[in-house]
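Here are my notes on the model you sent over. Have it open while you read, as I jump between chains.

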Amino acid sequence: MIDGAAAIARGALDAGCNFYAGYPITPASEILTHMLRELPKVGGIGLQGEDEISSLGHCIGAATAGATVFTATSGPGLSLYSENIGLAIMMEVPLVIAISQRLGPSTGAATASAQGDIQFMRWCTSGGYPVIVLSPTNIPESYHLTNRAFKLAKRFRSPVFIATDKETVMTTESVAESEMLNAPNWPAILDEPVDKPLDPYQKNGTIHHYTGSSHTEEGHITKDPEIIAEFNERLKNKIGDQVDEIALVKTDLQEGADTLIISYGVSARSMETAVNQLRDQGEKVSALTVYSLWPVPEMKILGCLKGIKRVIIPEMNHGQYRHEIERLANENVDLIGVNRVDTFLITPEEIIEAYYG
Amino acid sequence: MVEPILDTYIAEENLPYEFCPGCSHGKVLGALSNSLKQQGLDPSEVVIVTDIGCVGLSDKYFVTHAFHGLHGRAITYASGIKMQNPELTVIVLIGDGGCGIGGYHLLNAARLNTDITVLVFNNFNFGMTGGQHSVTTPLDSITATTTLGSTDAPMDIAGTAKVNGGGFVARATAFDKDLPDMITKAMHHDGFALIDIWELCTAYYVVRNDFGRKEMMGYMDSMNMESGILQETERPSFQTSYKGIQEQASKQKPMSGLVLDTNFSSDIEKPVRIVLAGAAGQKVVSAGNLLASAATLSGLWTSRRADFPITIQTGFSVAEIVISPEPVLYSGIIKPDVAALIAPEGKAKIARLTKTMEESDTIYFADGLGDVDSPANQLPLEFPESAKKEVHKNISALTAGYLTKQLNLFPFEALQEAVRQIQKPKIAEINLGILAHFE
């Protein structure tokens, strides 16, 4: 019996996280309390900042001094993280951030689940540079994807989000122990960074300048247009060129199906129930669960769209990921959203209704 | 006297400074270099964290490590660096602008007491962006954004650090001959140290307000903001305090999941969705956990959601439990199969749910909570006669026992075992006593 908050905290600790700073917010506070209680036990540091801005500031500072850092918040906190996420991108600091989504906008319904921050995570800071976003659908995946997020953060020296939600973080469930202990059969993330590893500040180490301004390889501020262009292209390409390595999905394709259901996070669980029921009724239907929401795993999605005439996309927002599918799907494909923003989870029945149209 | 290892900490190849003629910033940077020389620090053990504004141009003039982050946040990065690697000497260079936008970080860093030194380059306005007013702009001053005179009360930066627990707080000017010594004292302080260094911005503030050195000193007097060390007190730095916390914590066991073995069995064929609706203080969520754990002990799959207001000990408390022979995918409850109403607050809270229930569903209600607006079958919670005096204090545990008997989803022994395995011994003893009424 475990909830998502404990699974995420355990995933972070097992990934070697030794520094956490965060600010209380429903429904992410449980992650904060777990981390602040657990880190000092293993010689790490966990603290509550005076706000989200300082919390992420502490994390970034600690990371440049060699810490493996983690933080968690919800949508309103992500607003305050925004500027420092830009700094982490610019300084190329590995950073894992769990976003436990609640229903917005603004304070919204703080204790209701939602998936309304999917695009916000992708575009949360100025410049539009890519970040990596992973979304677990259940508790074992919360653990394993958190672990994976740390590997990706190190490899790409980039912020990596875990897009979760109130339902997954705060619901206690029975889980098979083996699913927690045994890593899923996912492609491995390589250990070595795609570019240079982060060399932390240390006594008797090489002198480092880390800066949020456009800079040369040595960290010196530059206004040289060629150097700036080259740096910015590299920031974009280091993730953009590795989409296939980052891409992680679960496909459940049925031969002869012309309907594909695509979902992610907690809504993918309702999708699975709906698909089982539809198949019990003799229907042919395929399903795709997207774990790596950003960068969009385009090749994987295109592969699943072959022969598909209709796509149903259940998500707890007004259709944010549907836009991504729309630009990939051929214009003859019907796109149907199943959307809810009324505090309730999407039910399997709604997906079945959408199927029968 | 420490043996100097470098003659200067200024990266001379980057000189001259690009500050405006007459700007005080270069003087303070020189004083910092002299202080580092006095202390004989290796450049690799020093991190200079610069804020935004003209002072943010400073990092390239040092041969030490440097960090140049976002406006007002320099102090937060510095604390993070120091916390992670206490071997490093961390110095923040920040302007009056940074102390405005990052004021909350400033006062909280003083409280947090990380062992960092903050040098405030306080020149009474924003230099880099064209001389707009800042938090320290003197009353009636002319700036780009107060063309008819500033009306805001100026902030006392040193005073703010002082009243919020800053261990070493001083006020100085860029013209002080002993500034390097003052900086050295601040850096030697074990904990948060701040020097509010008053300066001249010759590009804007000086020319718009006829404010030279003499006027600055006069202003200092008129505000009763004396220079020198304002506070010097010892209290354990964050590093010291946290080391104590780590030592205590290292004796505690790491977190572990609740592992339940399957010792019982169940033959239910489809999921059952149960809602317990009560009030705060009735231990509704705890009863929900007991039912979910008993089901898990019986080889079933469960989810348990809790819903309660943000305040505690008041209002409704609702537990939603799904018990299923297959892993629970959809954990929501739009229509319960079973609802138990044990307080008016809970009854009202789930009225929308109970209304959707059908004739084949059952609502159990405590005394006075019947007559639910629902087609569901409605039955009173009939606790054993011997348990009547427990109803007031322990209705949730009684309801868990009653539902277990009535619904027959798993053996009653599984519920008793759940009590033993998941509850603290004292509470388990009470609850086992309550469940004994059903035998």
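How do α14(B) and α15(B) run relative to each other? Keep in mind throughout that this is a predicted model.

1. On that opening question, helix α14 (residues 412-422) of chain B packs against helix α15 (residues 425-435) of chain B at an angle of about 165°, and their axes are 9 Å apart. Angles over 145 degrees count as roughly antiparallel, so α14(B) and α15(B) are roughly antiparallel to each other. The crossing of α14(B) past α15(B) is right-handed. If you want to look at the contact itself, α14(B) brings B:L415, B:Q416, B:V419 and B:R420, while α15(B) brings B:A428, B:N431, B:L432 and B:L435.

2. Chain B has another helix pair to look at: α10(B) and helix α13 (residues 391-407), packed at an angle of about 30° with axes 8 Å apart. Angles under 35 degrees count as roughly parallel, and α10(B) and α13(B) are therefore roughly parallel to each other. This crossing, too, is right-handed. On the α10(B) side the contact is made by B:V284, B:S286, B:A287, B:L290, B:L291 and B:A294. From α13(B) come B:S396, B:A397, B:T399, B:A400, B:L403 and B:T404.

3. Now the core. The largest nonpolar core has 248 residues, and the members that touch the most others are A:I132, A:F161, B:V92 and B:L119. Helix α10 (residues 284-297) of chain B supplies the largest share of this core, with nine residues. As for B:L119, leaving out residues up to four places away in sequence, its contacts are B:V28, B:L32, B:I91, B:V92, B:L93, B:I183, B:I195 and B:I197.

4. Over in chain A, have a look at helix α14 (residues 348-356), where A:P348, A:I351, A:I352 and A:Y355 are buried. Viewed down the axis of α14(A), these buried residues fall within an arc of 100°, so they line one face of the helix. Their cover includes β12 (259-263), α11 (267-280), β15 (310-315) and β16 (334-339) of chain A. After α14(A) comes A:G357, with a positive phi near 60°.

5. Last, the interface: 56 residues of chain A are in contact with 56 residues of chain B. On the chain A side, the elements giving two or more residues include α1 (4-14), α2 (29-38), α3 (52-64) and α4 (75-91). Among the others are β9 (172-173), β10 (209-211) and α11. The biggest giver on that side is α3(A), with nine residues.

Technical notes
Residues are numbered from 1 along each chain as its sequence is written. Chains are lettered from A and ligands numbered from 1 in the order in which they are written. This is a predicted model: local features need pLDDT of at least 70, side-chain atom pairs count only at pLDDT 80 or more; totals for chains, interfaces and linings use all residues. A residue is buried if 20 or more other C-beta atoms lie within 10 Å of its own, exposed if 12 or fewer, and partly exposed in between; C-beta atoms are placed from the backbone. Helices (H or I, at least four residues) and strands (E, at least two) are DSSP runs, numbered from the N terminus. The arc is that of the directions from the helix axis to the C-beta atoms. Two residues are in contact if their C-beta atoms, placed from the backbone, lie within 7 Å. A nonpolar core is a set of buried Ala, Val, Leu, Ile, Met, Phe, Trp, Tyr and Cys residues joined through C-beta atoms within 7 Å. Axes are lines fitted to C-alpha atoms, for helices over the stretch in contact, and angles run from 0 to 180 degrees between N-to-C directions. Angles under 35 degrees count as roughly parallel, over 145 as roughly antiparallel, 65 to 115 as roughly perpendicular and the rest as oblique. A crossing is left-handed if the near helix is turned anticlockwise from the far one by less than a right angle, and right-handed if clockwise.
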